[in-house]
Amino acid sequence: MKPTPPDWPRMSASLYYQDPRSAIDWIVRAFGFEARLVVEGDDGAIHHSELVYGDALVMVGDGSAQKSAEEPWRERCVSPRAIGGRSTAALAFFVDDADAHARRAREAGATIVREPSTSDYGDDYWSDRSYGALDCEGHLWWFMQRVRNKGEPRT
């Protein structure tokens, strides 16, 4: 397997929003991402964006379900707002402090769907503190903090 291009992780995700510009601002404020690239067209629309959190990369795009003859797949890219708040995927990120991250997200208006809690998967596995949140248009995000690695004693 060849290495990835510089500054690109092996895996990245794309999320679609009815208002991608507001979503980018909201994700930066609520979840602590950095907008490293935002490409706007002459019409002011967001054509491409790259938000980073550590070595993770999320692209935020227009999910207004515009049908395109050249790219018919685009009509499948919609915001959860367009499908009654449902989501077909979730993103998960490791953070340094899940409780502090949850407070920041809540203060920015995130809907916390699962409060921070610790899940201990036993001596042969690990223990994480995590929480779940819905963003400004209903995408589901999980944030995890490793509190014990496999093989480490419980405190």
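**Figure 1. Salt bridge between E115 and R106 in the predicted model.** E115 and R106 form a salt bridge in which the closest N and O atoms are 2.7 Å apart. The structure shown here and in the following views is a predicted model. E115 is partly exposed, with a relative accessible area of 42%. R106 is likewise partly exposed, at 41% relative accessible area.

**Figure 2. Salt bridge between R36 and E50.** The side chains of R36 and E50 meet in a salt bridge, with an N to O distance of 2.8 Å. R36 belongs to strand β2 (residues 34-40) and E50 to strand β3 (residues 46-53), so the pair ties together parts of the chain that are 14 residues apart in sequence. R36 has a relative accessible area of 30% and is therefore partly exposed. E50, by contrast, is buried, with a relative accessible area of 8%.

Figure 3. D120 forms a salt bridge with R148, and the closest N and O atoms are 2.8 Å apart. The pair links distant parts of the chain, with D120 in strand β6 (residues 111-120) and R148 in strand β8 (residues 140-148), 28 residues apart. D120 is partly exposed, with a relative accessible area of 37%, whereas R148 counts as buried at 4% relative accessibility. Through salt bridges that share partners, D120, D123, R148 and R154 are joined into one network.

Figure 4. D128 lies in strand β7, which spans residues 127-134. With a relative accessibility of 7%, D128 counts as buried. The side chain of D128 makes a polar contact of 2.5 Å with the side chain of R146. When residues up to four places away in sequence are not counted, D128 touches F94, S117, T118, S119, M144, Q145, R146 and V147.

Figure 5. Four strands, in the order β5-β8-β7-β6, make up an open sheet with mixed pairing. The edge strands are β5 (residues 90-94) and β6, each of which pairs on one side only. On average, neighbouring strands of this sheet are turned by 20 degrees against each other, direction ignored. Strands β6 and β7 run antiparallel and are joined by seven bridges. I112 stands opposite A133 in β7. Helix α2 (residues 98-107) packs on the sheet and touches β6, β7 and β8. The direction of helix α2 makes about 5 degrees with that of β7.

Figure 6. Strand β3 is joined to strand β4 (residues 56-62) by three bridges, and the two run antiparallel. Y53 stands opposite A56 in β4.

**Figure 7. Cysteines C77 and C136.** A disulfide is a covalent bond between the sulfur atoms of two cysteines. The structure holds zero disulfides. C77 is in no disulfide, and the nearest cysteine sulfur, that of C136, is 17 Å away. Seen from C136, the closest cysteine sulfur is that of C77, and the separation of 17 Å is too far for a bond, because a disulfide requires sulfur atoms within 2.5 Å. C77 is buried, with a relative accessible area of 9%, while C136 is partly exposed, with a relative accessible area of 25%.

Definitions and conventions:
Residues numbered from 1 in each chain as written. Predicted model: local features only at pLDDT ≥ 70, side-chain atom pairs only at ≥ 80, totals over all residues. Heavy atoms only, no water. Buried < 20%, exposed > 50% of the residue type's maximum accessible area, 1.4 Å probe, protein only. Polar contact = N/O pair within 3.5 Å; in protein donor to acceptor, adjacent residues only side chain to side chain. Contact = heavy atoms within 4.5 Å. Salt bridge = Lys/Arg side-chain N within 4 Å of Asp/Glu carboxyl O. Pairing = 2+ DSSP bridges. Axes fitted to C-alpha atoms, helices over the stretch in contact; angles between N-to-C directions.
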